[in-house]
Amino acid sequence: MAASSPFRVVHAVCSHDCPDSCAVLVTVNGEGRAVKVEGDPAQPVTQGFLCAKVAKYLDRVYAADRILYPLRRKPGAQKGPRPRGRELESFERVSWDEALEAIAARLRQISETYGPESILPYSYAGTIGVLGYGSMDRRFFHRLGASRLDRTICAEAGGQAWNLVYGKRVGMPSEDFRFARLILAWGANIHGNNIHLWPFIEKARRAGARFIVIDPYRTRTAALADWHIAIRPGTDVALALGMMHVILNEGLEDGAYIAEMTHGFERLAERAHEYTPERVAGWTAMTPSAIEQLAREYATTRPAALRMNYGVQRAENGGAAVRAIAMLPALTGAWKLRGGGAQLSTSGGFAWNKQALERPDLALSSPLGREARLVNMSTLGHALTELGVKPANRVPSDRSSSLGCEDGPPVHALFVYNSNPGATAPHQNAVRRGLARADLFTVVHDLFFTDTTDYADFILPATTFLEHTDIQGAYGHYFVQLSKQAIEPPGEARSNVWLFSQLGQRMGFPEPCFRDTPEEMIRQALAIGVDGYSTNQGMEHITVEDLERQGHIPLSFHRHPEAEPFLPNTSGPLPTPSGKIEFYSEVLAAAGADPLPGFSPPAESRWGEAAARYPLELLARKCDNYMNSTFANLEGHRNWEARGRQRLEMHPADATARAIAEGDPVRIFNDRGSLRLTAMLNPSLPAGVVAARLDWAKFQPGGSNVNALTSERLTDIGAGATFYSTLVEVAKA
Ligand SMILES: Nc1nc2c(c(=O)[nH]1)N[C@H]1C(S)=C(S)[C@@H](COP(=O)(O)OP(=O)(O)OC[C@H]3O[C@@H](n4cnc5c(=O)[nH]c(N)nc54)[C@H](O)[C@@H]3O)O[C@H]1N2
Ligand SMILES: Nc1nc2c(c(=O)[nH]1)N[C@H]1C(S)=C(S)[C@@H](COP(=O)(O)OP(=O)(O)OC[C@H]3O[C@@H](n4cnc5c(=O)[nH]c(N)nc54)[C@H](O)[C@@H]3O)O[C@H]1N2
Ligand code: SF4
Ligand SMILES: [Mo]
């Protein structure tokens, strides 16, 4: 652009909770208004395009319903659902000064009365910018002595399961999928949730690769596959073990790789021996010959790439499933070739200096004087309603605790940011009962009036990624990226860093770290040394100045992919206890859990006790044009795929058995709640499985969404949420 042009282009990064972490070029006009967002063509994974959700991002940035200033609940106004567009009737505008003073005073009082652990921060990945996701906020809550949140809602079962096998969440680079001859997408809706992997898959397919999808739901990804296996939910452990059975029976394993790189092969082989294709067929609803074919294709096609995403681990046995699936490329030695191996996440490649960012040491200066207890976010309803009662724990974990809620005082203050638990947390009716408590002091920092702000005492306006500066890694690529503020925030919207810096100062915390600027915190995250270079492992070649110039810089092991391709898990030692890939886990054995992967059906499945009353397995799914509950308020996003959103998809056999026809109003229910939707027949679902979409509860008929049906039961590993293990019954309404 000519120097005289009134337009400038700013390099930002999409901070939504998506593996792709796209490099975004924002064009800003002379009046400081963003007029265009586009994908950076120079970023090798973004490749110049954005997904359908963010291509129309200016609709969100300049939405008429953005919250523009701090709000306080009016005296006497009830907590609870407000009709869309009438939220302001319950709130009054206050200045930031007033809001911050009042919040600080109330938190101080609650801390003094009930102990600081009665304050619970609740947040997730509204932004995955390193600063916005966890920095000044953590400093603030550590220094306060508030309860720590165990962030289990999304990926803990799978993440911990993967780490039990490989030690670290790294996998093949997305760009290398183009070299694969077979691509297996296992519980991964690539087209909907991870679109920037797709061009590499297309490239591989043009060169002759086969593309197989294992997913109970016929996603757009599945519809595009050469072979879609509509497996029954929660039976992936059995399928992976059945594949191992065939691979070992037919001698298709890579003995040399197994001998050099793995631990516990003999015991795994014994276990796999039990999983004959006939037995596995009974659980998965596949035929024995399909299981044999899948195993043979997978083991004999080279390179074979496996894209697992977090779909399989949202089941009660999701940890075992991810472990079993993750072991497949270790049995066949698929890691050895470029274009082979697996990817669950790449996040383990980014060694940010979290100590400096989050300052857990500040807890020692808090009134508590020690590290605070953990509260599991996947049991928020329990934490807010069953005051002081611990949920049963059956979950081995690599954490100090994976309890739903450790001992300590009941929760009296809830501080929500980066999240909308009123829509996204399981067991919605318990969550809402908790949020509605008159004695609970609730602050919500968000951009819109969500299902959660309806219960707030204070609502504070937050920023989009165009309106603050941050630095970001990714869980689907290996580039460090700088996100520069492109525009001024509208109204009085303020970033997470600003908010918690202000609150820290109002609380009178003397530590200088509460005054750090985002620019200083970026240098801390990178651990910039005296020579200006990062001292973080894998980032030693990175300077802030180069990031300013280039926007994105690959991690060191991914700098020269052509000359030195990154081939994870091809040489040891690995960061596991044995230094090897662990088929057998002493850690699990010591925790009293099964050290090998083994199939046990979820309690909430067709084999469970409750199936007598609630025989249908519900997939409580995400929307392709939302990001969990984000974007649900925007007309342009709602219109898209309109049919899917307020529908219950059913197999025709299940519908007929209940005298339900296409378009009938239906009631979906279990012991936890009920929901009214419109029936839509979908013969591509496995019989006995129904599906519905996540939306804002206030937009659904009856004011609840699918999470009124999901449970607070936790996963076998990692104490994660089990959105995809939910039993329901359906009746014509
Ligand atoms: N468009 C869009 N993109 C998103 C999100 C969104 O809401 N919308 N969410 C973001 C977030 S938070 C995350 S964590 C990632 C997650 O990305 P994914 O892991 O891809 O997320 P899911 O859609 O939960 O699950 C993937 C698929 O697993 C399938 N599945 C469910 N149960 C089973 C099972 O038992 N076995 C098998 N084999 N498959 C099963 C589901 O039908 C689904 O199609 O996506 C991110 N990207
Ligand atoms: N039924 C069902 N439930 C699910 C899932 C499912 O597949 N099915 N998926 C689960 C998964 S994988 C996840 S990750 C969770 C996600 O659940 P949530 O963490 O609740 O995620 P979102 O619904 O995207 O809500 C994020 C909120 O953060 C706000 N936000 C965005 N940027 C900022 C910021 O910079 N500052 C502040 N303060 N706020 C910001 C957004 O406006 C939005 O309201 O949902 C889980 N719930
Ligand atoms: S949501 Fe994902 S695909 Fe879409 S722009 Fe953001 S990072 Fe890219
Ligand atoms: Mo997630």
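Me: What makes strand S2 (residues 23–28) largely enclosed by the rest of the structure?

Reply: In this predicted model, 6 of the 6 residues of strand S2 are buried, so the strand is largely enclosed by the rest of the structure; buried means under 20% relative accessible area, exposed over 50% and partly exposed in between, with a 1.4 Å probe and protein chains only. Strands are DSSP runs of E with at least two residues, and helices are runs of H or I with at least four, numbered from the N terminus.

Me: How do you know which residues cover the two faces of S2?

Reply: In a regular strand the side chains alternate between the two faces of the sheet. Ala23, Leu25 and Thr27 on one side of S2, and Val24, Val26 and Val28 on the other, are all buried.

Me: Why are S1 (residues 8–13) and S2 called paired?

Reply: Two strands pair if DSSP finds at least two bridges between them, and S1 and S2 have 6 bridges in the antiparallel sense, with Thr27 as the bridge partner of Val9. S2 also pairs with strand S3 (residues 34–39) in the antiparallel sense over 5 bridges, where Leu25 stands opposite Glu38.

Me: What makes the radius of gyration agree with a compact globule?

Reply: The rule, taken over C-alpha atoms, is 2.2 Å times the number of residues to the power 0.38; for 733 residues a compact globule would have a value near 27 Å, and the protein has 25 Å, which agrees.

Residues are numbered from 1 along each chain as its sequence is written, while chains are lettered from A and ligands numbered from 1 in the order in which they are written. Local features need pLDDT of at least 70, side-chain atom pairs count only at pLDDT 80 or more, totals for chains, interfaces and linings use all residues, and side-chain values use heavy atoms, with hydrogens and water left out.
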